[in-house]
Amino acid sequence: PVCNCPPPCKETQYHAQLSSSSLNKYYAEKKASNLPPGYSTKEDVMENLLVIDIQFSSMQVSEIREIVTYGWGNFLGDVGGVLGLFLGASAFTIIEFGQFFVFAIAKWWLTYKDDTRTSKKLDKKRSSAR
């Protein structure tokens, strides 16, 4: 059966083994003499009397324990490690984007500066050539 019940804290199980035999004739005769009227014959005792003897088949005891191996400390450590990894990766990504923009602006500035110098030199050459 499917059940969402937690396991019991303590559980006792007994494994049954059945064996039977007929009553001993001498035991039935002895009991027949002590029974009330109506059960006076040995045959009545043999057919209607039951003797139950309960015994343990072994004295072995099994103990099962559940031990928490992954506790809150381990869980928080793992979550912290993953967050550190993601935040660290994010920080490096932000730094790399910043570096990219600084280099792009510096390259654009140097290119623009060189273009203006070149254009000024060309303008001077053109004006002096006229």
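What percentage of the 130 residues of the protein chain count as buried? The figure is 3%, where buried means under 20% relative accessible area with a 1.4 Å probe, protein chains only.

## Model and fold

This is a predicted model: local features need pLDDT of at least 70, side-chain atom pairs count only at pLDDT 80 or more, and totals for chains, interfaces and linings use all residues. Residues are numbered from 1 along each chain as its sequence is written, and side-chain values use heavy atoms, without hydrogens and water.

The protein chain has three helices and zero strands. Helices are DSSP runs of H or I with at least four residues; strands are runs of E with at least two. From the N terminus, the order is α-α-α.

## Surface

The accessible surface of the protein chain is about 13300 Å² (Shrake-Rupley, 1.4 Å probe). Carbon and sulfur atoms hold 61% of that surface.

Tyr-70, Trp-72, Phe-75, Leu-76, Val-79, Leu-83 and Leu-87 form a nonpolar surface patch. Together they have about 790 Å² of accessible area. Patch residues have over 30% relative accessible area and no salt bridge (a Lys or Arg side-chain nitrogen within 4 Å of an Asp or Glu carboxyl oxygen). Nonpolar side chains (Val, Leu, Ile, Met, Phe, Trp, Tyr) are joined within 5 Å, like charges within 9 Å.

Leu-76 sits in helix H3 (residues 72–129). Why does Leu-76 count as exposed? Because its relative accessibility is 54%, and exposed means over 50%.
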